[in-house]
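Please read them beside the sequence and the structure shown below.

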Amino acid sequence: MGRVTDTHAAPTPSSFAEEFLDELHFELGVSRETASPTDLYVALARAVRRHLVEGWFDTLSTQLGGDSKFVAYLSAEYLLGRQLENALLATGLTEVARDALDGLGLSLDELSEQEVEPGLGNGGLGRLAACFIDSLATMDVPAVGYGIRYEYGIFRQTFVDGRQVEQADDWLALGSPWEIPHPEMAVTVGFGGHTEEPAGTGEGTADGAPGPDARQWVPGWTVEAVPYNYLVPGYGTRNVNTLRLWSARATKAFNLEIFNSGDYEAAVRGQTYAENISKVLYPEDSTPQGKELRLQQQYFFVAASLADTIARALGDGDLHALPDRVVFQLNDTHPVIAIPEMMRLLVDVHGLGWDEAWDLTRRSFNYTCHTLLPEALEIWSVDLLGRLLPRHLEIIYRINEEFLASLRDSGGNELQVRRMSIIQEQPERAVRMAYLATVGSTKVNGVAALHSQLLRDAVLHDFSDLWPEKFTNVTNGITPRRFVRLANPGLSALLDETVGTGWVKDLDQLRGLEAHAEDPEFRRGFRDVKAANKQRLVDLLATRDGLHLPTDALYDVMVKRLHEYKRQMLKVLHVVTLYDQVRSGALDPADVTPRVVVFGAKAAPGYRMAKDIIALVNAVAATIDADPALAGRLQIAFPANYNVTLAEKLIPAADLSEQISLAGKEASGTGNMKFALNGALTIGTLDGANVEIRDLVGDDNFFLFGMTEPEAEALGQAGYDPGSFYEQDPALKSAIDLIASGAFSHGDPTAFESIVSDLLWKDRFMVLADYRAYLDAQSRVEAAYADPDAWTRSAILNVARSGFFSSDRSIRDYLDRIWHAPAVPARSNGLRD
Ligand code: NBY
């Protein structure tokens, strides 16, 4: 199914070829003969983009014409992945473009490879935002994604002597054909300065006299936020939504002030300072650093987005209609400064009274939490916040005062008041952003059933007692367009043949596969697809990474950010144990199930332990590679720079999906869903969305192991002693001793000392406690894999029963439970006729 267009004749290969050459010659100014591969890609991308613009205009005019409500999704990250293939899919032009290029002696696939993916996110949270805007567009929901146009996205990972080395991700070096800048629509954003009594009349507010609660903020400096539009095409609809990313530019005033003082060099330095705001994505995926630039980034994009939203939602209309015109979704706490910013706009700029402004604000905002780790909860020191955003700090104090007063009024004791205060006093005075978000929102949601339950029971327990109706769950999802239709064309063709093509927009239709799970013919087709996907991966990793891998092996894949709680270390101990047992003669190599263990993981650059674990994985990989006893039996592949593009090739080739976090630590996971939907079986703990995956696919089709969350909690309470597990399990002891002996570090016993001693003495995420259960589960995997028919049946059932994990379903849940914004299909108004 392609784009629904009716005003123009469908493009043909020859008309498309003409458009492509037009772009190349007249827009890029390059001849066919001298064009580089990048030139050709850019011309192609621009030719495809043309076919999105009309639908985009229609969408804008339909949505802005009526009085519909729209979703403003506020996210500091969008991990988009490559755009070309998705745009071709949405426009229905894939085959037309392929034929057109063929006719010119060019290859669509080769040109697609030129695209550098926009990596404007760290991991799951950023990729979720990208899946959500895809679903919103596909479902015709009026929505704008707001974020930051980082000049440098997530770093490029390389390995030097097995250790991670980061390189700048210069994704814009050759420009991006997908963005449409609007410098003329720049928004000015203030920082610093002081607050004062507003002037008596006329000046204090946009609407006349200052309101009773208004203060005047006099910023010390300003920057301009320049919007860049990205088109977000829906699939099988005319609708094209907008992703609006802001880029920082120095204001003229910023420069002139200093320039007038005669200091040219200082003026240019000032420019650099301002433009630093959107320079680089912070590569921390769980431990927020209280860096001033980060808070600048957050306020920068939030202030610009709110100004934009209010103009879009209301025009000159009535502010009181705000909650009926727009609903803000806060993607974690990164944009939470939007709550005091909205109060500032309503109270200081528009002259509303505090209570009225608070009511409107609270009714417009909702907050999604993505973590359970206490160290991941963002806080900002009062000192820093007050310096950078003095008026916002005043507003936060007042929000807190009134909140705590209401708590006391309703019988709250002082202990409770101190626990729930938005301001923490120890170890330093700081604003708890998750609490601010909770107090200032209508709904708070977690991202999987277990996670939402743990939010209510632990992280936000007091708040959930106070406002039980505020808390809800929306289990994450993934877009089937990118992660099945594009990433797995072989499976897609099989699905089309078997259940029809409707699944791409209605993933529940995959249920129709269940009936075929017993059909030997269908199983063969399914197995052939998996084999072809392995071949495709093996070819890619040979050219991309110089790896030589077999295709006839169990592909055991663990790809995600490197974090101790995710327990890549448990996977390493499994591999080391297999190696150890073969080495010692306890295991005949002929009895080892041929297995390729694939890792993909970036570590936060300052996260020492994570980087040590990466070095260990590479060291174990090299040692195993050098051992002839394991040739063709066991191999680790650790391609550097795992990203969306690589995920699209890795996931469809996987047999086994590793989802082995300590129960109670992974909020949801979304990779787990991508694997299940592509026919991998999961080995996993009862954590995050694994719980729901297992419930749906059935416990026969899922390898469960490990402690439950209450068990892990209890073990921690009882005083966890990892050393006792080490002492009591000879295989575990031997594996750890082998690492400690220097067997993987050319005899140097110090190389992985920090890992070994952490495991033996701390092991915060209880790797040793779950080791035996994990090994037993891996034995069950091997037994199951030995029966290809039964394995394939389970894999088919995983696909058939994973329709729930479509991000379309997540968006439907947000619409029903939180947003209440109806779909508005774009009407053609023939702008080009
Ligand atoms: O969000 C992830 C969760 O770990 C995962 O369980 C969940 O499936 C996914 C989507 O809900 N969280 C995540 O990816 N977080 C970040 O990337 C992140 C990024 C930046 C910062 C913190 C977390 N930061 O503080 O800067």
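1. F805 sits in the loop that joins helix 32 (788–800) to helix 33 (807–819); helices here are DSSP runs of H or I with at least four residues, strands are runs of E with at least two, and both are numbered from the N terminus. This residue counts as buried because 26 other C-beta atoms lie within 10 Å, where buried stands for 20 or more such atoms within 10 Å of the residue's own C-beta, exposed for 12 or fewer, and partly exposed for values in between, with C-beta atoms placed from the backbone. Apart from neighbours within four places in sequence, F805 is in contact with G477, I478, M673 and L677, a contact being two C-beta atoms, placed from the backbone, within 7 Å. D655 is 150 residues away from F805 along the chain, and the two C-alpha atoms are separated by 19 Å.

2. Two points of method apply throughout. This is a predicted model, in which local features need pLDDT of at least 70 and side-chain atom pairs count only at pLDDT 80 or more, while totals for chains, interfaces and linings use all residues. Residue numbers start from 1 along each chain, following the sequence as written.

3. UniProt, in an unreviewed entry, lists K674 under "modified residue: N6-(pyridoxal phosphate)lysine"; UniProt positions are given in the numbering used here, feature names are shortened, and annotations may be inferred rather than shown by experiment. In the model, K674 belongs to helix 25 (residues 671–677), and it is buried because 30 other C-beta atoms lie within 10 Å. Not counting residues up to four places away in sequence, K674 touches I478, F483 and I651, and I478 is also among the contacts of F805.

4. Which residues are closest to the ligand? The ligand is surrounded by 22 residues, and the closest are G124, L125, P288, A667 and S668; a residue is near a molecule or strand if its C-beta atom, placed from the backbone, lies within 6 Å of it. The shell divides into 7 nonpolar, 11 polar and 4 charged residues, with Ala, Val, Leu, Ile, Met, Phe, Trp, Tyr, Cys and Pro taken as nonpolar, Asp, Glu, Lys and Arg as charged, and the others, Gly among them, as polar. Domain 1 and domain 2 each supply at least three residues to this shell.

5. The domain assignment gives domain 1 (67–81 + 117–475) and domain 2 (517–661 + 668–798), with bounds that come from an automatic or database assignment. Their C-alpha centres lie 37 Å apart, and the contact between them takes 30 residues from domain 1 and 25 residues from domain 2. On the domain 1 side, two or more residues come from each of helix 6 (124–138), strand 5 (156–160), strand 6 (163–167) and helix 17 (449–459), and the largest share, 4 residues, comes from strand 5. By class, that side has 11 nonpolar, 12 polar and 7 charged residues.

6. Most residues other than glycine have a negative phi, and most peptide bonds are trans. The peptide bond from Q426 to P427 is cis, with omega near -5°, and P427 lies in the loop between strand 16 (423–424) and strand 17 (430–432). D140, in the loop between helix 6 and strand 4 (143–148), has a positive phi near 60° and is buried, with 20 other C-beta atoms within 10 Å. M766 has a positive phi of about 55°, lies in the loop between helix 30 (753–761) and helix 31 (767–785), and is buried, with 23 other C-beta atoms within 10 Å.

7. N241 is placed in strand 12 (residues 240–250) and is buried because 29 other C-beta atoms lie within 10 Å. Leaving aside neighbours within four places in sequence, its contacts are T59, I133, L136, A137, A143, V144 and V232.

8. For the chain as a whole, 51% of the 833 residues are buried, and the secondary structure comes to 33 helices and 25 strands.
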